[in-house]
Amino acid sequence: MRVSEERAIATAQPQAGFEPQRTQVRLVRQGLTGHPFWAVSFSVAAPSGDGYAKLTTVRVDANTGEIAAVNRER
């Protein structure tokens, strides 16, 4: 892996589209070759405290630093 966790967060942050209250990062391996990606999740809690008002997950290639996917759930 050539891309640090911190760099992955910085790369993914603009894709969130909001100011997150919480950021979670995990390394995942996908495909037959186990290609590494950083999965960076940004969230804002719902006012009721039950779940999320906003949630975006960005997958960043851990070798190149390129954004591979963006998933906005809310």
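Which residue stands opposite R26 in β2?

1. It is A39 that stands opposite R26 in β2. The note concerns a predicted model, in which local features need pLDDT of at least 70 and side-chain atom pairs count only at pLDDT 80 or more, while totals for chains, interfaces and linings use all residues. Residues are numbered from 1 along each chain as its sequence is written, and side-chain values use heavy atoms, with hydrogens and water left out.

2. Strand β1 (residues 22-30) pairs with strand β2 (residues 35-45) in the antiparallel sense over nine bridges, where pairing requires that DSSP finds at least two bridges between the strands, and where helices (H or I, at least four residues) and strands (E, at least two) are DSSP runs numbered from the N terminus. R22 has S43 as its bridge partner in β2, and in the hairpin, with four residues between the strands, G31 takes a positive phi near 85°.

3. Four strands form an open sheet in the order β1-β2-β3-β4, with antiparallel pairing. Because β1 and β4 (67-72) each have a single partner strand, they stand at the edges, and one side of each is left without a neighbour in the sheet.

4. T57 lies in strand β3 (residues 52-61) and counts as buried because its relative accessibility is 18%, the cut-off being under 20% relative accessible area with a 1.4 Å probe and protein chains only. Leaving aside neighbours within four places in sequence, the contacts of T57 (heavy atoms within 4.5 Å) include R26, V40, S41 and N71.

Definitions and conventions. Buried means under 20% relative accessible area, exposed over 50%, partly exposed in between (1.4 Å probe, protein chains only).
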